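This note sets out a few points for a colleague who has the structure to hand.

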Amino acid sequence: MRTLVIGGGITGSILARKLAENGVEVRIIEEHSSPGFPVQCAGLVSRKCYELLGKPAEKSLENRVRGAVAFSPSGRSFEVSSEDFLGYVIERKTLDPELFRRAVNSGAVPMLKSYFAGLKNGRAVVKTQDGVKCLDFDLIAGCDGPGGKTGVVFGFEKPEMIFSGLQIECRYRVEHVDQVEIFLGENASPDFFGYAIPIDGETARVGVVTKEMALHRLRRMIERHPAMKNRVMRAYTEANAGAIPVGLVDPFVNGRALLVGDSAGQVKPYTGGGIYYGAVASEMAGDAIIEYEKTGNIKALNRYSVDFRKEFEKEIRVGMKIVKLYSILNDNDYETIFDIASRYSISDVIAEGDMDRPSTIISAGMKAVSMMKNPKHALFFAKLLSKMMLS
Ligand SMILES: Cc1cc2nc3c(=O)[nH]c(=O)nc-3n(C[C@H](O)[C@H](O)[C@H](O)COP(=O)(O)OP(=O)(O)OC[C@H]3O[C@@H](n4cnc5c(N)ncnc54)[C@H](O)[C@@H]3O)c2cc1C
């Protein structure tokens, strides 16, 4: 069965490798000369995700973090940490080419500097350096990122929301090299958050995720957020921007086409992180395609949809509620949250949440609320949670 994988990013390479290893005829079509470039990622993943990515992740490892500290609009902090390393910072410029190479070494046919442009008489039109090629295929997998061409050509819906991520890699006054920083409020992002992810003791990726005016927001955070001011020390060495799709595309399997990763909105809505869900989705899509190859029954592809939904649909639904809450909360709300949180020892309870599963973070939050002795405090959070669940 001739399968075209469009996009040589993380999802495309994992999928192509799996298919090639199982004897499926597969081509991997990537528009750039090197996968993973231009970078559109801060590279923070959970330990589970890091382990799933295997050797390529080890080769691209930059740093490990034990937890996170969130800063309120006025600069108050709330810390969640663990003895273990909870997060791993990886470099996409290294990771993506490694994954791509593995796919090719397994037998996937690479087409670099090749752009999937659409369909003509049922064949895939690919613009290459040597001119336009028309390729026959039985199946096409769109691993071509947010707003990818495959989704457009095959009439898939778009994710519910698109955010912009903008970050710089810069010299930074890193306070704790094993701690990710989150910046909240109007002077970071009014509808999401800002972040600083340390790479080493003096360098970090500093960025914002927002619906609009990302450059303005990033500048403002660097200059005005009380917890960030005067910490970006020098001109940046790298700037990256990209779209972050929020909301699962439904359906993401349609006839001879399927979408995987960002193109399908398989992203944790409340952080914008898509590497873990995308990597798992690629494995699941691979299993379904291999079954289709064996049985000749195209319905086998639905297994991918069933498996992914079983694993992540609830998490994406809960994550959507959290992301909507960001827009509802104003600076005063954040200050009240931090003020109440500071009166209780709830960090350890919150740390029980799994960053890949927002439902566990909500459960941990509810447990923390149940520990609040002052009924006014518990009521404030109960109202907040119900507002979120009703949004
Ligand atoms: C600023 C920013 C920071 C982020 N930080 C994190 C983070 O810390 N952790 C995390 O988990 N996620 C993060 N993400 C999200 C993460 O980068 C994505 O979820 C992930 O890259 C999705 O992988 P993918 O393979 O689906 O798509 P992509 O990585 O976007 O890969 C798609 C590939 O397809 C190629 N392509 C596109 N169209 C065509 C075409 N028509 N023909 C041929 N090739 C094509 C592209 O060149 C690209 O190589 C961040 C995103 C942004 C924007």
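1. Leaving aside residues up to four places away in sequence, F308 is in contact with A281 and M284. The model is a predicted one. F308 itself sits in helix α8, which spans residues 302–328.

2. Is F308 buried or exposed? F308 counts as buried because 23 C-beta neighbours lie inside 10 Å, and the threshold for that class is 20 or more. A285, 23 residues away from F308 in sequence, lies at 8.7 Å from F308, C-alpha to C-alpha.

3. Six strands form an open sheet with mixed pairing, in the order β8-β2-β1-β12-β19-β18. The edge positions belong to β8 (109–111) and β18 (253–254); each has a single partner strand, so one side of each lacks a neighbour in the sheet.

4. Within this sheet, β12 (residues 139–142) pairs with β19 (residues 257–259) in the parallel sense, over 3 bridges. G142 has L259 in β19 as its bridge partner. Helix α1 (residues 10–21) lies across β1 (2–6), β2 (25–29) and β12, and runs at about 160° to β2.

5. The domain assignment divides the chain into domain 1 (2–56 + 91–160 + 247–312), domain 2 (62–89 + 161–244) and domain 3 (322–390). The centres of domain 1 and domain 2, taken over C-alpha atoms, are 29 Å apart.

6. Domain 1 contributes 18 residues to its contact with domain 2, and domain 2 contributes 21. On the domain 1 side, β3 (44–46) and α2 (47–53) are the elements giving two or more residues, and β3 provides the largest share, 3 residues. That side comprises 9 nonpolar, 6 polar and 3 charged residues.

Technical notes: Residues numbered from 1 in each chain as written. Predicted model: local features only at pLDDT ≥ 70, side-chain atom pairs only at ≥ 80, totals over all residues. Helix = DSSP H or I, 4+ residues; strand = E, 2+ residues; numbered from the N terminus. Buried ≥ 20, exposed ≤ 12 C-beta atoms within 10 Å, placed from the backbone. Contact = placed C-beta atoms within 7 Å. Pairing = 2+ DSSP bridges. Axes fitted to C-alpha atoms, helices over the stretch in contact; angles between N-to-C directions. Domains from an automatic or database assignment. Nonpolar A, V, L, I, M, F, W, Y, C, P; charged D, E, K, R; others polar.
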